[in-house]
Amino acid sequence: MTLAAPSSALPQPRLRQSRLRLARPKLRLPAGLGLPAAITLVAMLLGALPFLRLAFAAFAPGGHFAPGAVLEAIGGRAAVNATLHSLETAAFSAFGALLVGGGFALLLAVTDLRGKRPLAFGLVFSMMIAPQVAALAFLSLLAPHSPLLALIGLSPSPGTPNPLLGRGGIILVMALHHAPLVAITLWTGLRSVPHSLVEAAQMEGASSRVIATRILIPVLRPQIVAAALLAFVAGIGNFGIPALLGLPVNYLTLPTLIYRRLSSFGPEGLPDAAALSLLVALLAGLGILAGMLAMRQGGGKVEIERPLQPFWQLGRARPLVAGGLWLLLALKLGLPLLALLGEALTPALGVALSWQSLTFDKFAEVLLRQDVTVRAFRNSFLFAGTAALLLALLSIAFAYTLERRLGRFRRAVELVIELPYALPGVVLAIACILLFLRPLPLVGFSLYATPFIILFAYLARFLPLALKAPVAAMAQIEAHHEEAAKLDGVSAWQMLRFIVAPILAPAATVSALMVFLVAFNELTVSALLWSSGTETLGVVLFSLKEAGLAGEAAAIAISASAVILLAMLGLDLAGRRLPSQVLPWRI
């Protein structure tokens, strides 16, 4: 009896274990499909649904298919003029950005200049500053009441028109603002050039100038074309610069025309706005497709033993070249920001800046006393911070699913994800208005005129940016941890929570900070989605400038730029622990 009990009890745990093993395949199939299905559903919700709603509203206004309405909206005189203005400013500014950004990229990549990191950091910082801040800074620099020009006795006479208002100013400021886009694209291309090409040319006696002009630039031709087209697409969708430099003189581009239509007619102007948004999307889409074709013509990936290294010894010309780059950066970034600071520190327009006239009253006004500006700072922190946090969490699941679970469907899901980021922000804003104007099914309330519509737009627009660091980190992680977990019967959700998330947490944190950098000063999306109580910094800055309160607008711009600078410095300090090519200024 004493021996029978243990013998009868021993098979019980084995029996339970065998039952669990038999039950696992039934549970594993839904769990294995659950995560990819959920990620695909979220991608469709953020990336495809708004634009499908936009297309439906444009081609079927009122629920009836009427493609002639689109042709009527985009064929009007105002729309045609705005289209021509968008094309000319985008094309000329792209050419200027290619010259400035391309020269910057090549000099930092192939020469023996010193201080490359600070130069690259300053160049990227000038891009992280919001376009409307850049436009306001250049306006302040060349304004008749400019305190900075008054200090050196070069201020124009009162009543002189600002030379930056209109077509030429828009092209100049957009070219300088989009030059870092070109530089970052070319830096990426230069990393894929094998240094053996340079060494072979040097063995044949080719000079550094010949190597750069006859070997390197031809090899980089696809990246050069793609960079120029990227700057063109950015110019097509830019709202902040044409709004501040074009609206005062009635020089309208497509984004500013859409803004004026909605401001004048409200929801009644949505059908025309939807048609114009499709036109913007078409122009931008053609630029994106052309860029993809250019990159495809460049051939596939090449295995390289050693990436390109600096090979151009400048010798005695090195201080002159470095001085020229620092001077260009000062003209692009330093002087305009100093002009803004001077305008914010003077008590009134036309008052000379001196130790006696210097005052911080405008900073106190916008940061402490004015309810609307204080609320705008709070809203910008809240919207940008919440979007950054949510996208950091989402990026872990997306990175794991894209890299490990989707297989051949990965590229299709990536294209859907990238759609809101690739197309201009004004297109996404109109799409969100149309999607959420009516009450949502089942729940019965509308997101229109609420903070949630801005948050949704931020999630959709900045998801591709949030995925960059986690996807790069996931690609470098070996799969043995996951294989061991699968042998232990861990589900996909458990693996994501306990194994993948701790590994990708640093990269997701970087993604959150990058999203915060871009979203904090955002204007293009929020300019069309804000309502009373949900104003963002970009909206308030634009409104103050339109109201003639240039000093208060300058104080907001300087404060917002300081926040961006501190965030970038924090990212740079953490850069050593990050995957390569995540921070664009770390060349």
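1. Helices (H or I, at least four residues) and strands (E, at least two) are DSSP runs, numbered from the N terminus. His145 sits in the loop between helix 6 and helix 7 (147-151). Buried is used here for under 20% relative accessible area, exposed for over 50%, and partly exposed for what lies in between (1.4 Å probe, protein chains only). His145 has 28% relative accessibility and so counts as partly exposed. In sequence, His145 and Leu349 are 204 residues apart; in space, their C-alpha atoms are 6.2 Å apart.

2. The model is predicted: local features need pLDDT of at least 70, side-chain atom pairs count only at pLDDT 80 or more, and totals for chains, interfaces and linings use all residues. Residues are numbered from 1 along each chain as its sequence is written, and side-chain values use heavy atoms, with hydrogens and water left out.

3. Overall make-up. The protein has 25 helices and zero strands. Of its 587 residues, 50% count as buried. Contact means heavy atoms within 4.5 Å. Among contacts with a separation of 6 or more, 79% come from residues 24 or more positions apart.

4. Helix 6 against helix 15. The axes of helix 6 (residues 131-142) and helix 15 (residues 318-345) come within 8 Å and cross at roughly 75 degrees. Axes are lines fitted to C-alpha atoms, for helices over the stretch in contact; angles run from 0 to 180 degrees between N-to-C directions. Angles under 35 degrees count as roughly parallel, over 145 as roughly antiparallel, 65 to 115 as roughly perpendicular and the rest as oblique. Helix 6 and helix 15 are therefore roughly perpendicular to each other. Helix 6 contributes Val133, Leu136, Ala137, Phe138, Ser140 and Leu141; the helix 15 side includes Leu331, Lys332, Leu335 and Glu343. The residues of this contact divide into 11 nonpolar, one polar and two charged. Here Ala, Val, Leu, Ile, Met, Phe, Trp, Tyr, Cys and Pro count as nonpolar, Asp, Glu, Lys and Arg as charged, and the others, Gly among them, as polar.

5. Helix 4 against helix 13. Helix 4 (residues 77-110) packs on helix 13 (residues 254-265) at an angle of about 145 degrees, with axes 8 Å apart. Ala78, Ala79, Ala82, Thr83 and Ser86 of helix 4 meet Leu254, Pro255, Leu257 and Arg261 of helix 13. By class, the residues of this contact are six nonpolar, two polar and one charged.

6. Thr111 lies in the loop between helix 4 and helix 5 (116-128). Its relative accessible area is 0%, so Thr111 is buried. Not counting residues up to four places away in sequence, Thr111 touches Leu106, Lys116, Pro310, Trp312 and Leu314.

7. Core. A nonpolar core is a set of buried Ala, Val, Leu, Ile, Met, Phe, Trp, Tyr and Cys residues joined through side-chain atoms within 4.5 Å. The largest one has 184 residues, and Trp187 and Ile430 touch the most other members. Helix 20 supplies the largest share of this core, 17 residues. Leaving aside neighbours within four places in sequence, Ile430 contacts Leu54, Ile258, Leu262, Ala273, Ala274, Ser277 and Leu528.

8. Aromatic pairs. Rings of Phe, Tyr and Trp (its six-membered ring) pair if their centres lie within 6.5 Å; planes under 30 degrees apart count as stacked, over 60 as edge-to-face and the rest as tilted. By this rule there are nine aromatic pairs. Phe436 and Phe456 pair edge-to-face, 4.8 Å centre to centre, with 80 degrees between the planes. Phe436 is in helix 19 (residues 425-436) and Phe456 in helix 20 (residues 451-475), 20 residues apart. Both Phe436 and Phe456 are buried. Elsewhere, ring pairs link Phe239, Tyr259 and Phe542 into a cluster.
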